[in-house]
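Here is a short briefing to read alongside the model. Have the viewer open and follow the residue numbers as you go.

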Amino acid sequence: MANWLNATTIQIVGIVLGGLAIFIYGINMMSDALKSIAGTRIREYIEKYTRNLFMSIFVGTVISALLHSSSAVTVISISLVRAGLMGLVQAIGITIGANIGTCVTSIMIGLNIEQFAYYFVFIGIAMMFLAKRKKMSYIGKVVAGFGLIFVGLELMSDQLVMIAKQPWFMDIMVMLGKQPWFALLGATLATAIMQSSTAVIGIVQKLYVTGALSPAAGAAFIFGANVGTCMTALLAAIGGSISTRRAAWFHAVYNVLGALLGMLLLIPFVQLTNFANRLIGGSGEMYIAQAHFLFNVISTILIIPFVGQCVKLLQLLIPGEDSRGVKIENIDELDDQLIEKFPAAALAVAKKNTMRMGRNVLENIKLSQHYLTSKEQEVYDEVLEVEALVNKYDANLSQYLLKIAQQPTLSKDQTQEYYKNYQIIKHLEQISDQVNNLIDFYKMVYDENGQFSQGAIDDFKKIYALVEDMLITAMHIYETRKGTRLLGQLNSKTKQLNALILECQQNHFERMCDNICDNSVSASVFLDVLSHMERIGDISLDIANRTFVAYKKHQSQFLDPNQLEIK
């Protein structure tokens, strides 16, 4: 057995791996808790404040710094591009900014605050156990996760000093110092495997302090860590739309070209970093942190003038247009000043956005059907993005309508209009929730390598066509405030849906008896899907009913169109 493979070395390597696991767990814990605190606001901030390239870079930097993960931010931006809520230039800006944002962790490591790590862990865990509110518990997780980052680093640091003294390790480091390209490759592979450039750079900082790592090898490790983060974005874009693939490939090409340029100018870059570190009297960890920061800032400055050309190049290399006909509509800015000045106009704005909300819900129903037949993860993610947007409509419009309702000058008719809009918004949100449940049922089947029979899919297609038609009719009634004839048709379609559901149930039982639907998961899920489809149809009918009767307790499901007083 090789000389280096002894009990002491095995123990040291085990502690290093354990420290690395704690370090990565701390990052993930902190990131997940921050996401829970922010909820959908992270996506809202990305959507709202990325109107131009420079704002996109700023938002990407800030959110990546908060989440301690450029990969997470890049994947969010790619999913927004996929859902049609963000353009390619915005996604490029976020990608550029995300690289800068990851420097925050390495800078904190360079400040040598490990001595306080266990205090952060203690305080955070105490908050988690003593908190009476979820938000406080999440804050506790942020604090504890922050502490665990440095606990893991401390464990690694003590053992890496011992490893650095081993002759075999010194030989490897000397080789990397002479051949920085191997350091670049090693960091790329390590980052791709661990899915965390922060973890790789944290290790490099601790190795550099031991004196085992040369400045050139340290810089090459940084370049490689940036390249390794591309794997997450490329995986997120597999099978994706054209815009999605363009966004992911920009992330890859940008980091690869930056790394190649850094390697070609390695000696001047090392000299610049040495000069900057001497200016502030920084530690060894801070040297690596500054190299990381300088590299990403310089890369940003160099790429900004060529973003337009990058977009044209991506369009040339990945030609075509997104074939899917889904059009997602973002919510308008809701003007609060309009409420006091002209409540009727504010109600019109609310109605306009409620119609947009309805169109988005309809598109999500279509997307769920597309996922049923395609099984594409991209489509599943897109449904979730549109669901998040519908929730945003629900929250913003509900709040806006409440402000309108609080106006003392509101007439009786305007009050009725408020009730109609408010209830229809809630109904649309309920339909969106049903769609979310549908794709979860489909995913449950596909995750178990199951499938629906062709007969089951044909039954689903009939129901999808009918519920989509019902929602379109309901929203048309709401938009025009006319349609007693259409309401009568909608009542008939509801009865038709109920009959179709019964027919599909009978078909399902016959297929099971004939061993056509022999997958236990899909067979069980089939009836759940029918139930949710029936619920979508019922809610669509209720939307039409609410157009004519804004608020009435114990109301019959079917209104008589001939006895309606339309206002």
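At roughly what angle do the axes of helix H15 and helix H16 cross? The answer is roughly 125°, with the axes of H15 (residues 266–280) and H16 (residues 284–303) coming within 9 Å; axes are lines fitted to C-alpha atoms, for helices over the stretch in contact, and angles run from 0 to 180 degrees between N-to-C directions. This is a predicted model, in which local features need pLDDT of at least 70 and side-chain atom pairs count only at pLDDT 80 or more, while totals for chains, interfaces and linings use all residues. Residues are numbered from 1 along each chain as its sequence is written, and side-chain values use heavy atoms, leaving out hydrogens and water.

**The chain overall**

- The protein chain has 24 helices and zero strands, where helices (H or I, at least four residues) and strands (E, at least two) are DSSP runs numbered from the N terminus.
- Of its 567 residues, 53% count as buried; buried means under 20% relative accessible area, exposed over 50%, and partly exposed in between (1.4 Å probe, protein chains only).
- Among contacts with a separation of 6 or more, 81% join residues 24 or more positions apart, a contact being heavy atoms within 4.5 Å.
- The protein chain exposes about 26000 Å², and carbon and sulfur atoms supply 60% of that area.

**H15 against H16**

- H15 is oblique to H16, because angles under 35 degrees count as roughly parallel, over 145 as roughly antiparallel, 65 to 115 as roughly perpendicular and the rest as oblique.
- On the H15 side, the residues making the contact include Phe 269, Leu 272, Thr 273 and Ala 276.
- From H16, Tyr 287, Gln 290, Leu 294 and Ile 298 are among the residues that take part.

**Two residues to look at**

- Asn 226 lies in helix H12 (residues 215–228) and is buried, with a relative accessible area of 4%.
- Leaving aside residues up to four places away in sequence, Asn 226 touches Asn 99, Asn 255, His 292, Phe 295 and Asn 296.
- Gln 369 lies in helix H19 (residues 343–374) and is partly exposed, at 21% relative accessible area.
- Gln 369 and Ile 457 are 88 residues apart in sequence and 9.5 Å apart in space, C-alpha to C-alpha.

**Cysteines**

- The structure holds zero disulfides, a disulfide being a pair of cysteine sulfur atoms within 2.5 Å.
- Cys 310 counts as buried at 18% relative accessibility, and Cys 504 counts as buried at 0%.

Notes. Areas by Shrake-Rupley, 256 points an atom, 1.4 Å probe, with all protein chains shown as cover.
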